[in-house]
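Please open the structure in a viewer and keep the selection panel at hand.

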Protein chains: 2
Amino acid sequence: MSEQLMTEAAVSLLVERGIAGTTLAGIGERSGYSRGLVTHRFGSKAGLLAHVHDSIAAEWLRRVQGVVGRATGVAALQRVTDALYKFIVDEPKGLRAMYLLRYASIDPSAEYRANVAKLNKAHVRALTRWVEEGQAHGEIAAEVDPGLAAELFASVVDGLLYRWLVNPDIPVKELHGLMRQHIARALRAAQT
Amino acid sequence: MSEQLMTEAAVSLLVERGIAGTTLAGIGERSGYSRGLVTHRFGSKAGLLAHVHDSIAAEWLRRVQGVVGRATGVAALQRVTDALYKFIVDEPKGLRAMYLLRYASIDPSAEYRANVAKLNKAHVRALTRWVEEGQAHGEIAAEVDPGLAAELFASVVDGLLYRWLVNPDIPVKELHGLMRQHIARALRAAQT
DNA sequence: CATAACTTGCTTGCTGCCAGCAAGTAAGAG
DNA sequence: CTCTTACTTGCTGGCAGCAAGCAAGTTATG
């Protein structure tokens with residue numbers, strides 16, 4: 001179907017030329033249609049970008065759920081980082097496009113800003129729950145503030161991906177290992 | 001001088017309307033000149049944005065140097081986070097504009113991309129040195145990889161700022177405190 | 001001291017590109 | 001033969017970027 005084709009064309013163009021360099025006409029033509037179809041289907045450039053973002057985000061969510069399974073606490077968070085690392089290795093283009101869009105969404109003129117903000121909040125909520133469950137099992141120190149820890153964890157993930165986007169040569173594998181360690185140590189130790 | 005005025009107008013427009021919503025004509029007129037002066041002075045929109053970014057980055061650098069002083073090791077990193085927190089409180093608009101631009105620079109079509117990448121590397125180099133000095137004083141565990149620790153630290157800072165841009169209501173103060181703790185714990189403890 | 005040549009700081013007119021809209025075509029389904 | 005679905009084409013307005021020009025100094029020259 002044309003939507004799928006256009007989404008794929010959009011991803012490759014986004015990775016090659018970025019958001020500003022990607023034109024609706026270019027997407028239409030690369031996917032074998034006319035210059036006008038994209039607008040007709042997705043309403044606007046923002047609409048298309050939101051669709052691209054959301055479809056990759058859905059794929060990411062599926063992967064995380066698959067990897068985390070029924071795990072909680074430290075193991076759950078570590079598996080999220082595992083899924084992240086795997087995503088970087090398996091689908092660098094998709095991840096790149098998604099984060100390109102996500103970072104662009106801080107621009108007040110980006111119409112899918114609210115979308116991203118909501119998704120971020122949902123993500124933190126899931127992380128918070130895993131920390132709380134870890135505390136319930138006595139695995140994570142009671143002094144840890146689950147919401148705060150979740151927010152910090154999410155920040156590290158986002159920041160790491162930003163750095164990877166700017167400079168793909170950073171030692172992603174080693175950083176992944178370091179994160180796994182930090183998660184275990186920081187959560188098991190006690191703090192205010 | 002007109003450059004200063006236009007830079008200030010650009011910052012306020014960036015914060016209000018974002019990059020796409022900020023027009024060169026708008027900047028010229030808000031600063032009391034004609035619609036064409038900005039292009040004439042800075043050559044292009046990218047040239048202007050690079051100038052705005054660099055002038056705020058210079059201010060940030062000055063602040064960090066002032067706060068860190070001759071400190072090294074854990075204290076140096078903690079003071080960087082202090083400077084960050086202070087910057088968020090004192091100059092949210094400037095910081096916001098700078099990070100808006102910095103995140104936008106991952107877009108391959110952004111011409112000042114190289115600029116930002118270079119700055120990021122310089123930042124990591126400074127952080128690495130502080131960690132190494134901490135190891136020389138025996139304060140930081142020898143097993144810590146200074147470059148890796150620096151990269152992770154930088155990621156946390158960038159990620160936190162991204163999250164703050166998306167949602168200014170996150171508990172910045174508490175996260176700052178949590179970071180200070182993590183820095184001390186993670187670096188003093190031993191690891192592979 | 002007067003005027004000509006040049007510089008600096010800024011404005012205005014124009015062009016090309018792109019998003020978005022509106023109208024239209026083509027082809028299959030009922 | 002009409003309705004729907006999938007797609008195309010023509011057009012408009014807005015913006016970046018360029019080029020030409022103006023106005024108010026400043027320096028050089030006899």
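Begin by selecting Gln78(A), which lies in helix 5 (residues 73-90) of chain A; helices here are DSSP runs of H or I with at least four residues, numbered from the N terminus. This is a predicted model, in which local features need pLDDT of at least 70 and side-chain atom pairs count only at pLDDT 80 or more, while totals for chains, interfaces and linings use all residues. Residues are numbered from 1 along each chain as its sequence is written, chains are lettered from A and ligands numbered from 1 in the order in which they are written, and side-chain values use heavy atoms, with hydrogens and water left out.

Is Gln78(A) buried or exposed? At 14% relative accessibility, Gln78(A) counts as buried; buried means under 20% relative accessible area, exposed over 50%, and partly exposed in between (1.4 Å probe, protein chains only). Now display its surroundings. Leaving aside residues up to four places away in sequence, Gln78(A) touches Arg180(A), Ile183(A) and Ala184(A), a contact being heavy atoms within 4.5 Å. The side chain of Gln78(A) reaches the backbone oxygen of Arg180(A) at 3.0 Å. A polar contact is a pair of N or O atoms within 3.5 Å; within protein, one must be able to donate a hydrogen and the other to accept it, and residues adjacent in sequence count only if both atoms are side-chain atoms.

Select Arg163(A) and Glu151(B), whose side chains meet in a salt bridge (3.3 Å, N to O). The pair joins two chains, because Arg163(A) lies in helix 8 (residues 146-166) of chain A and Glu151(B) in helix 8 (residues 146-166) of chain B. Both Arg163(A) and Glu151(B) are buried.

Move to Arg63(B), which forms a salt bridge with Glu59(B), their closest N and O atoms being 3.2 Å apart. Arg63(B) and Glu59(B) are four residues apart in helix 4 (residues 45-68) of chain B, and so about one helical turn separates them. Arg63(B) also forms a salt bridge with Asp90(B), again with the closest N and O atoms 3.2 Å apart. This second pair links distant parts of the chain, with Arg63(B) in helix 4 and Asp90(B) in helix 5 (residues 73-90) of chain B, 27 residues apart. Glu59(B), at 22% relative accessibility, counts as partly exposed, as does Asp90(B) at 38%. In chain A, select Glu59(A), Arg62(A), Arg63(A), Lys86(A) and Asp90(A), which are linked in a network of salt bridges.

Now show DNA strand C. It is surrounded by 14 residues, the closest being Lys45(A), Ser34(B), Arg35(B), His40(B) and Arg41(B); a residue is near the strand if one of its heavy atoms lies within 4 Å of it. Sugar and phosphate account for 52% of the atoms of DNA strand C that come within 4 Å of the protein. Which helix gives the largest share of the surface near DNA strand C? Helix 3 (residues 37-42) of chain B does, with three residues. For phosphate oxygens of DNA strand C, select Lys45(A), which has a backbone N or O atom 2.6 Å from one, and Ser34(B), which has a polar side-chain atom 2.4 Å from one.

Note on methods:
A salt bridge is a side-chain nitrogen of Lys or Arg within 4 Å of a carboxyl oxygen of Asp or Glu.
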